[in-house]
Amino acid sequence: MTSRPLPAPLSLPLPDGSRMLCRVRLSERARTIRLRVLPPEGEVELVLPRHTDPETAKKFALSKLDWIIRSRQSVLQQYAAKKNDRKNDLFPKKLSLRYLGGDFTVEYVFRSCSWTAAKCEPEHRRITVTGNVLDHDRVRDALKDMLKRCTADFLIPHVQGLAEKFSFNPGTCTIRIQKGRWGSCSSRDGAISLNAMLLLLPEEIVEYILIHELCHLRQMNHSERFWKEVEKYCPEFLECRRKLRKLEKELPDYFL
């Protein structure tokens, strides 16, 4: 069985005569057409429900062209400002892992070797990076690997505990660093994927996200029935969503 080809990007005209590519993504969950401008490069994405007519999608994107241009400019300006702020922050002195209690100091131990590794000690609120710590790319990769391991150690048992408590039956749970989503649930086998950056969020927000993904095992959409399902296990979900939107604007993108 051959896989379905991805939709071709849209080429949108700009006022200066140039063109802008808009990525198109089909979504099983989407009920309406949505546009997103994604940081850090301002990539434009058009999210379509299945079986959306291509001409309808194109007309929608063109009708939102002014909004796309304004939003993209704002995203690029924010990215440029953050990039300037990060010039002297290639080797962070601390990382805020709110799920584990707050700020962790980052210590660097140089060794004359070809490898670099990071170890997290939650009981001491300390992260130690050892090896070739003069290379900021190696340091970042080591910290990303450490973040994924810690997320697996703490959040996979959390998911399993919630599943048992509320009688859900998820498939496998995997951890990765993602841009644009905190988690996902597969309609095929119930597998759950979590963003390793969840450790940067407070525990109550993380628990809401885990419940959100577990509820997709029963409602693979964002319908009213889905939100009622979420509310059964997380009555304060609306407040959690509001706090999450605010936190998303404040989180560092060091790991992306």
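Tutor: This is a predicted model. Helices α4 and α5 make a right-handed crossing.

Student: At what angle do α4 and α5 cross, and within what distance do their axes come?

Tutor: The axes cross at roughly 135° and come within 9 Å, with α5 spanning residues 224-233.

Student: How do they divide by class?

Tutor: The contact of α4 with α5 has 7 nonpolar residues, 1 polar and 1 charged.

Student: Changing topic, how does α4 pack against α6?

Tutor: Helix α4 (residues 203-215) packs on helix α6 (residues 237-250) at about 110°, and their axes are 10 Å apart. That angle makes α4 roughly perpendicular to α6, because values from 65 to 115 degrees are counted that way.

Student: Is that crossing left-handed or right-handed?

Tutor: Helix α4 passes α6 in a left-handed crossing.

Student: And which residues are involved there?

Tutor: On the α4 side they are E204, I205, Y208 and I209. On the α6 side they are F237, C240, R241, K243, L244 and L247.

Student: What classes do those residues fall into?

Tutor: In the contact of α4 with α6, 7 are nonpolar and 3 are charged, with no polar residues. Y208 of α4 takes part in this contact and is also listed in the contact with α5.

Technical notes: Residues numbered from 1 in each chain as written. Predicted model: local features only at pLDDT ≥ 70, side-chain atom pairs only at ≥ 80, totals over all residues. Heavy atoms only, no water. Axes fitted to C-alpha atoms, helices over the stretch in contact; angles between N-to-C directions. Helix = DSSP H or I, 4+ residues; strand = E, 2+ residues; numbered from the N terminus. Parallel < 35°, antiparallel > 145°, perpendicular 65-115°, else oblique. Left-handed = near helix turned anticlockwise from the far one by under 90°. Contact = heavy atoms within 4.5 Å. Nonpolar A, V, L, I, M, F, W, Y, C, P; charged D, E, K, R; others polar.
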